[in-house]
Amino acid sequence: MIPNLIGDRARSVGLPAVKRVAGIVTRLLPIPQPTLMVGPGSSARLGQAVGGFGHRQVLIVTDEVISRLGLLEPLTDALAAGGTPFTVFDEVTADAPIPVIEKGIEVFRRAGCDAIVAFGGGSVIDAAKVIGLAAANDRHPRSLVGYFRGLRGPAPIYAVPTTAGTGSEVTVAAVISDPEHEKKLVIADTRIVPRMAALDPSLMAGLPKPVTAATGMDALTHAVEAYIGYWGTGFTDRMALSAVSMIYENLPLAYNDGANLAAREKMALASTYAGLAFTRANVGNVHAIAHQLGGKYHTPHGLANAIMLPQVLRFSAPEITAKLAMLAVRAKVGNESQPEEELADRFLDSVEALAASIGIPRRLDALRAADIPALADAACWEADTNYPVPRRMTQEDCESMLRAVLPEVRQAAEAAPRKRAAGKKATAPGAVKTRRRRSTGQA
């Protein structure tokens with residue numbers, strides 16, 4: 001309802017000024033950075049460190065697959081060896097839905113936990129953050145949506161990411177889902193940044209190729225959107241550009257040889273660098289659209305980002321030619337001696353080529369033409385009120401980008417009525433005249 005009350009004029013004139021002020025705040029806001037342990041076996045080393053902190057009961061938040069595969073064992077063995085009791089909550093599912101988080105809060109309270117280890121992908125880490133914050137404030141997760149909504153910070157949180165994509169181990173945000181309303185919800189607070197994180201490539205060696213591809217493109221999206229937005233700093237630009245360089249070099253290697261631990265480790269670092277970049281510089285239109293696709297169709301976040309990234313970059317290109325040129329240089333798809341326009345085109349083409357080389361589809365099978373207006377409206381609202389985008393998208397712009405990723409059969413079916421309607425208008429000049437008179441108040 002709020003988007004309709006504010007209207008396009010207020011959104012395009014008033015909110016950019018507010019977002020510029022927010023950008024200044026993000027440059028000054030103290031954001032903690034976790035201590036990082038990197039390399040094979042680092043999950044066990046994190047367990048040893050946590051075991052030495054004297055926690056009375058640790059809640060390990062994970063998912064059923066990780067628990068069943070025994071990936072927790074190096075961590076839990078280290079905790080046990082240090083005499084630290086722990087409770088495993090392994091019911092987290094994709095998108096961290098609220099009902100699951102409610103269960104996790106209850107387990108945290110019932111077991112008397114005073115620390116959390118998040119062990120899994122982005123949904124697991126985000127769920128752990130919200131469990132901790134909600135438990136500390138005795139509040140429902142919905143009441144924490146937004147910025148700094150809790151009076152108290154959570155118990156110490158530690159993270160072991162098992163995918164290289166979200167960067168959630170270093171970010172101030174947690175994205176959860178509300179299945180009842182088919183929405184993604186964002187909770188942001190500097191106090192939910194994990195105290196310590198282990199980037200253990202051995203945990204990622206068995207990831208399926210589609211997961212490697214989607215999460216890798218998720219990290220690329222984070223880095224690119226952090227770099228092209230207008231909240232960037234010298235630090236975030238360095239992190240983002242380094243991440244892009246590492247992803248271009250290592251994502252194909254990790255995709256084609258999942259056991260390549262060197263490539264896996266560099267992808268884990270790239271994901272973390274991208275997380276450090278966007279937690280301060282924020283994201284943009286790609287995420288605004290992807291969140292709607294995830295909420296409506298449960299499309300994996302990385303896949304939604306990967307599909308929309310080429311569309312949004314081409315839409316934004318007129319405003320970011322110089323930045324696209326720099327991205328091309330850092331991605332090693334061009335060199336500084338070439339004209340900026342040529343480099344920008346090379347980077348745009350390279351994003352599509354990289355996605356195709358790792359099996360990312362160009363279209364989203366779940367997307368329905370009838371849903372596009374509502375999806376676009378929600379995406380525009382999210383972007384307008386949150387993100388420092390280089391080019392503001394209108395409802396029409398967003399709908400056009402979404403139609404470009406419709407499955408080909410639905411795209412053709414939708415185009416046919418438009419062509420028929422256009423033909424009728426062309427043969428009905430009287431109707432055109434009537435519309436013109438009405439638009440000027442003469443009819």
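Modeller: Contact here means heavy atoms within 4.5 Å. The model is predicted, so local features need pLDDT of at least 70 and side-chain atom pairs pLDDT 80 or more, while totals for chains, interfaces and linings use all residues. Residues are numbered from 1 along each chain as its sequence is written, and side-chain values use heavy atoms, without hydrogens and water.

Colleague: Which residues is L293 in contact with, leaving aside its neighbours within four places in sequence?

Modeller: L293 is in contact with H298, T299, A304, M308, L364, L367, L375 and L402.

Colleague: What makes a set of residues a nonpolar core?

Modeller: The residues must be buried Ala, Val, Leu, Ile, Met, Phe, Trp, Tyr or Cys, joined through side-chain atoms within 4.5 Å. Buried means under 20% relative accessible area, exposed over 50%, and partly exposed in between, with a 1.4 Å probe and protein chains only. The largest such core has 83 residues, and M217, L293, F347 and M393 have the most contacts inside it. Helix α8 (residues 234–256) gives the largest share, eleven residues. Helices are DSSP runs of H or I with at least four residues, and strands are runs of E with at least two, numbered from the N terminus.

Colleague: Why is H222 called buried?

Modeller: H222 has 3% relative accessibility, so it counts as buried. This residue is found in helix α7 (residues 209–228). Among its contacts beyond four places in sequence are G165, H287 and H301.

Colleague: Why is A378 called partly exposed?

Modeller: The relative accessible area of A378 is 29%, and therefore A378 is partly exposed. A378 lies in helix α14.

Colleague: Why are α14 and α15 called oblique to each other?

Modeller: Helix α14 (residues 372–386) and helix α15 (residues 395–403) pack at about 125°, with axes 9 Å apart. Axes are lines fitted to C-alpha atoms, for helices over the stretch in contact, and angles run from 0 to 180 degrees between N-to-C directions. Under 35 degrees is roughly parallel, over 145 roughly antiparallel, 65 to 115 roughly perpendicular, and the rest oblique. α14 and α15 are therefore oblique.

Colleague: Which residues of α14 and α15 meet?

Modeller: I372, P373, L375, A376, D377, A379 and C380 in α14 meet Q395, C398, E399, L402 and R403 in α15. By class, this contact has eight nonpolar, one polar and three charged residues. Nonpolar covers Ala, Val, Leu, Ile, Met, Phe, Trp, Tyr, Cys and Pro; charged covers Asp, Glu, Lys and Arg; polar covers the others, Gly among them.
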